[in-house]
Amino acid sequence: ARIAPHAVRPMPFVLPLGGRRGGTRRGPLAMRLGFALDALVALDRNRDVPPSLRIPSGQVLSRTRALERFPMLTVHDASAFACWYDYVTVDADRLTLSWAFLAASNAATLANYVQATSLILDQRRITGVAATDVLTGRSLEIAAHMTVNATGGSLDTLLEPARTATRTPMLLTLNLVTALPVGPMALGGYAPSGQTLFMVPWFGKALFGTWEIGRAGSIERGLVDEAHVTTLLAEVNAAFPGRTVTRGDVTLIHRGAVPAAQDRRGQLRLEGQQAVHDHGFGGNLLHGLLSVAGTKYTTARSTAEYVVDHVFQKLGRPLVRSKTAVTFLPGSHFGTRARSDPREYGPLERVTPDIRAHLIATYGSSHELVERLAGRPHMSEPLSRDPLVIAAQVVWAVRHEMAVTLVDVVRRRTLLGATAHPGPHIAGRVAQLIATEVGWTPERVRAELDSLTRAYDHAPPAAEPATGS
């Protein structure tokens, strides 16, 4: 909210308390005490935050007051409701990309589609990684005084050839994106498994999750057992009375492996904090290597600050004070303007007010560059209106945002595939735009379209939007 105010917005979260479904785990008194503690710990929560993004303290509402604010809660038999606010990202992939661009502007080197395949070991010291350029198959070695292994669900995979491991257990997690409409708030519910699930607005559609189950096995290959989806649907339908979610409603499945901790009974639960493993201590010493597990999206910046401080200490270098907590991310500071090649520009008159508003919401203070590209012939043409995406965004992603595949553009650089496969017509138009820009052959275009279809294998393609052209 402080360093990327255009990228987040507050959203109310509501959780039923009491009643048959609310259970006794979270009674009104317990939630009031929790909210009081939260208010005490987060006294400075709204410091330097724009007024429109300030977060009020959580509160417990009586049934009468809750129904006045959220009439759709009538289907719940709860006697009270907990209500608090949290931030949701407007476009999480774009926010992540802005971190990469900020790093690049501060002398970092970005290597897209480069896969670390093994650690380079010299005696008991890691001196870098062997890697592969996935796009060309070329092998390369990257030397480093310190190597940080921050590979998420693949954390121990990179360590195996060096005969070491963090032994961090991984949980398989799922979210279901559906075609169902949703209200303006995120609503919690209690699943039979004991997990608390939420129905969250996701670009106007209902997203259900996050559900955790067992150990992650095949997650690195992107596979999800259909039985998992069936079980999650049963959990969702039990947790949210008045909603019936079928397999045909599911348009996209978010899946991932997240670090877990094991309790005394041997059960896995979500790890509550990050863990930094210094392989230069303990058994099987490997100097020059750190592994990071348990990082959450919302705490990744502070984790990175801690890790970099630790790297400076290991290298014996004077500590440099981190500025990432107070530095605006690209697109966030409307007092500055990014720069680009003026030959890309076209007249701004081609851009309608609704497209301009969309580009501002998407690119923040960098919107003018994309807007000027949209001023060229055919570049302001909408590829989709729900969500709104124009042709210029595709070309911009290829030229300036390291997009090299159709999946990159549809799922990671624009919102075309945020809730579902955009449909064969829109996908074909995007593929042709990229082909014109970079010279794809017809065979490459077909291969890219097939790859996009496989990315949505666990959900049916969406019907073509009526406003798609």
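Contact here means heavy atoms within 4.5 Å.

**Entry 1: ground rules.** I noted that this is a predicted model, where local features need pLDDT of at least 70, side-chain atom pairs count only at pLDDT 80 or more, and totals for chains, interfaces and linings use all residues. Residues are numbered from 1 along each chain as its sequence is written, and side-chain values use heavy atoms, with hydrogens and water left out.

Entry 2: I took helices (H or I, at least four residues) and strands (E, at least two) as DSSP runs numbered from the N terminus. Two packed helices are described by the angle between their axes and the distance between the axes. Axes are lines fitted to C-alpha atoms, for helices over the stretch in contact, and angles run from 0 to 180 degrees between N-to-C directions. I looked up helix 11 (residues 424-438) and helix 12 (residues 442-455), and found an angle of about 135 degrees with the axes 10 Å apart. That angle makes helix 11 oblique to helix 12 (under 35 degrees is roughly parallel, over 145 roughly antiparallel, 65 to 115 roughly perpendicular, and the rest oblique). Next I listed the residues that meet: Ala 427, Gly 428, Ala 431, Gln 432 and Ala 435 from helix 11, and Val 445, Leu 449 and Leu 452 from helix 12. I sorted the residues of this contact into six nonpolar, two polar and no charged. For the classes, Ala, Val, Leu, Ile, Met, Phe, Trp, Tyr, Cys and Pro count as nonpolar, Asp, Glu, Lys and Arg as charged, and the others, Gly among them, as polar.

**Entry 3: the second largest pocket.** A pocket is an open set of points on a 1 Å grid over the protein atoms alone, where a 1.4 Å probe fits, with protein on both sides within 12 Å along at least five of seven lines; lining residues have an atom within 4 Å of a point. I read a volume of about 620 Å³ for the second largest pocket. Of its 33 lining residues, His 6, Arg 94, Ala 361, Thr 362 and Tyr 363 are the closest to the centre. Which helix gives the most to this lining? I found helix 4, with five residues. By class, I counted 17 nonpolar, eleven polar and five charged residues in the lining.

Entry 4: I found a cis peptide bond from Gly 209 to Thr 210, with omega near -10 degrees. Thr 210 is in strand 11 (residues 205-215). Asp 386 and Pro 387 are also joined by a cis peptide bond, with omega about 5 degrees. I placed Pro 387 in the loop between strand 16 (382-385) and strand 17.

Methods: Grid points are joined across faces, edges and corners, and a volume is the space filled by probe spheres set on the points.
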